[in-house]
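Work through the exercises below with the sequence and the 3D structure at hand. Try each task before you read its solution.

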Amino acid sequence: MGSTSALFLGKISRGYTVRQFMLINLVAPALFSITYVSVFASSTIQFDMQSGGALYQLLNESGAGSVIYALFDELPMSTLVSAVFLIIAFLSFVTAADSNTEAISQLCSTDSQAAMAGDSDENTHDRLLMKIIWGCTIGAVAWIMTAFVGIDGIKMLSNLGGVPALFIVIAATASLLRLVSIGTAKIGLEHTPSRSYSPEAHLRWESTRKTAESSR
């Protein structure tokens, strides 16, 4: 779902600078993740060493999900911390599901390009209906896999969906480079003889170079 999340982030980032987009969507989450992992990982290691490997044994017996709650039991106000953790996890899943279903519903609409750009207010009801259908479908598949296969079923779906998504992202990146090179060729911003860019950009670069040499 990474590619659809990227489409959603691109839509809501209209009107902001590239610097603001990178600070909010890349730098801030990365700093939070570093802090979160550092604090909880170091605390888990310390408690495990003090308990003689109890957390490691729990990890092998019950899985990683049980370790976090065992860690919370060692903290002050463990009940409150566990409740806050569940609320944050719930909000995280809801936000991810909402952004992905929003992007998918817009891609499935007849005016997908205008919808993703935020320029079309038409067919709002149809996109809402499509969003509900996709949300129910994704939720039903996730519930079935979790209920009958367990967490390994979700991991399997993630792996199966990630392989084709990899090729889609590669193709999208190649298309982006192509569009950027064509755009720079039209406005005369190319400054490289690299033939990995568009033929138009290379021809314009050659013309600019020859003109500069003849004027010397």
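**Exercise 1. Find which helices supply at least two residues each of the lining of the second largest pocket, and describe that lining.**

Step 1. Helix H2 (18-50), helix H4 (64-73) and helix H5 (78-107) each supply at least two residues of this lining, where helices (H or I, at least four residues) and strands (E, at least two) are DSSP runs numbered from the N terminus. The model is a predicted one, in which local features need pLDDT of at least 70 and side-chain atom pairs count only at pLDDT 80 or more, while totals for chains, interfaces and linings use all residues. Residues are numbered from 1 along each chain as its sequence is written, and side-chain values use heavy atoms, with hydrogens and water left out.

Step 2. A pocket is found on a 1 Å grid over the protein atoms alone, as an open set of points where a 1.4 Å probe fits, with protein on both sides within 12 Å along at least five of seven lines, and its lining residues have an atom within 4 Å of a point. The second largest pocket holds about 840 Å³ of space, a volume being the space filled by probe spheres set on the grid points, which are joined across faces, edges and corners.

Step 3. The lining consists of 24 residues, and those nearest the centre of the pocket are Phe-32, Tyr-36, Phe-85, Ile-88 and Ser-92. H5 gives the most to this lining, namely nine residues.

Step 4. Sorted by class, the lining has 19 nonpolar, five polar and no charged residues; here Ala, Val, Leu, Ile, Met, Phe, Trp, Tyr, Cys and Pro count as nonpolar, Asp, Glu, Lys and Arg as charged, and the others, Gly among them, as polar.

**Exercise 2. Describe the aromatic pairs that Tyr-36 forms with Phe-32 and with Phe-40.**

Step 1. A pair of aromatic rings is described by the distance of the centres and the angle of the planes. Rings of Phe, Tyr and Trp (its six-membered ring) pair if their centres lie within 6.5 Å, and planes under 30 degrees apart count as stacked, over 60 as edge-to-face and the rest as tilted.

Step 2. The structure holds six aromatic pairs. One of them joins Phe-32 and Tyr-36, at 6.1 Å centre to centre and 25° between the planes, and it is stacked.

Step 3. Both Phe-32 and Tyr-36 lie in helix H2, four residues apart, which is about one turn of the helix. The rings of Tyr-36 and Phe-40 have centres 4.6 Å apart and planes at 40°, so this pair is tilted.

Step 4. Phe-32 is exposed at 57% relative accessibility, whereas Tyr-36 is partly exposed at 34% and Phe-40 is partly exposed at 25%; buried means under 20% relative accessible area, exposed over 50%, and partly exposed in between (1.4 Å probe, protein chains only).

Step 5. Ring pairs link Phe-32, Tyr-36, Phe-40, Tyr-69, Phe-72 and Phe-85 into a cluster.

**Exercise 3. Locate the salt bridge and say how far each partner is buried or exposed.**

Step 1. Side chains of opposite charge can pair when their charged atoms come close. A salt bridge is a side-chain nitrogen of Lys or Arg within 4 Å of a carboxyl oxygen of Asp or Glu.

Step 2. The structure holds one salt bridge, in which the side chains of Asp-98 and Lys-131 meet at 2.7 Å, N to O. This pair links distant parts of the chain, with Asp-98 in helix H5 and Lys-131 in helix H7 (residues 124-148), 33 residues apart.

Step 3. Asp-98 counts as partly exposed, at 35% relative accessibility, whereas Lys-131 is buried, at 19%.

**Exercise 4. Check the span of H5, then examine Met-77 in the loop between H4 and H5.**

Step 1. The expected span of a helix is 1.5 Å times one less than its number of residues.

Step 2. The buried residues of H5 include Ser-82, Ser-99 and Ala-103. The C-alpha atoms of Ala-103 and Lys-11 are separated by 9.0 Å, although the two residues are 92 residues apart along the chain.

Step 3. Met-77 has a positive phi of about 50° although it is not a glycine, and Met-77 counts as exposed at 62% relative accessibility.
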